[in-house]
Amino acid sequence: MTAGWTEDRVGTLKKLWLEGQSASQIAKQLGGGVTRNAVIGKVHRLGLSGRATPSQPARTTFRPARPRPTPAAAQAPSAPRRIEAAQPRPAAPTVPTPMPDLPGTATVMTLGAHMCKWPIGDPSSTEFSFCGRRASEGVYCVEHARVAYQPQVKRGGKDGGAELARSLRRYI
């Protein structure tokens, strides 16, 4: 437990803070269980915000300053650069994947990343397939995306249910 903030400790704290020492350094010098956070809290309560110099760690290595170009050197034209002809990259071997045009021709084995994944038929039957057309911005083609992502229908109106049933009839 800390010994408390005596007038002597507060005076030392103010002096060290205004000299620019860090809270950790002040806590070490005060000793007696005073922590860095206790120093920060007391500084805040005392309203000591300004410092003579900010606390910064001493630099052990020095970097030489970059030489700045003289105005004459900055205006001198540089040597022309040699532009090499771009070497054509060898074409990556492409594996031909059949893109079915007709809906319902893609199976689980032939379904690709950019193909419509709208299921067609009963999954337990052997005739089950997927749409297989080119998918737009998601997992479905444009037509199936319209069915899958419909705006929310207001409840309570008789026309809402009829409209939904009418739009789904096209695909059943």
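This is a predicted model: local features need pLDDT of at least 70, side-chain atom pairs count only at pLDDT 80 or more; totals for chains, interfaces and linings use all residues.
Residues are numbered from 1 along each chain as its sequence is written, and side-chain values use heavy atoms, with hydrogens and water left out.

First, the helices. Helices here are DSSP runs (H or I, at least four residues), numbered from the N terminus. Find helix H2, residues 23-30, where Ala23, Ile26, Ala27 and Leu30 are buried. Buried means under 20% relative accessible area, exposed means over 50%, and partly exposed is in between, using a 1.4 Å probe and protein chains only. Seen down the axis of H2, these buried residues fall within an arc of 100 degrees, so they line one face of the helix. That arc is taken from the directions from the helix axis to the C-beta atoms. Why does such a pattern work? An α-helix has 3.6 residues a turn, so residues three or four places apart point the same way. Helix H1 (7-19) and H3 are among what covers the buried residues of H2. Just after H2, Gly31 takes a positive phi of about 60 degrees.

Now move to H3, residues 36-46, which holds Lys42. Which residues does Lys42 touch, leaving aside neighbours within four places in sequence? They are Trp5, Val10 and Leu13. Lys42 is buried yet has no salt bridge, meaning a side-chain nitrogen of Lys or Arg within 4 Å of a carboxyl oxygen of Asp or Glu. The nearest side chain of opposite charge, Glu7, is 11 Å away; for charges, Lys and Arg count as positive, Asp and Glu as negative, and His and the chain ends are not counted.

Next, the cysteines. How many disulfides does a search of the whole structure find? The count is 0, with a disulfide being a pair of cysteine sulfur atoms within 2.5 Å. The sulfur of Cys116 has its closest cysteine sulfur in Cys141, 3.7 Å away, which is too far for a bond. For Cys131, the closest is in Cys116, at 3.8 Å, again too far. Cys116 is buried, at 0% relative accessible area, and Cys131 is buried at 0% as well.

Definitions and conventions. Helices (H or I, at least four residues) and strands (E, at least two) are DSSP runs, numbered from the N terminus. Contact means heavy atoms within 4.5 Å.
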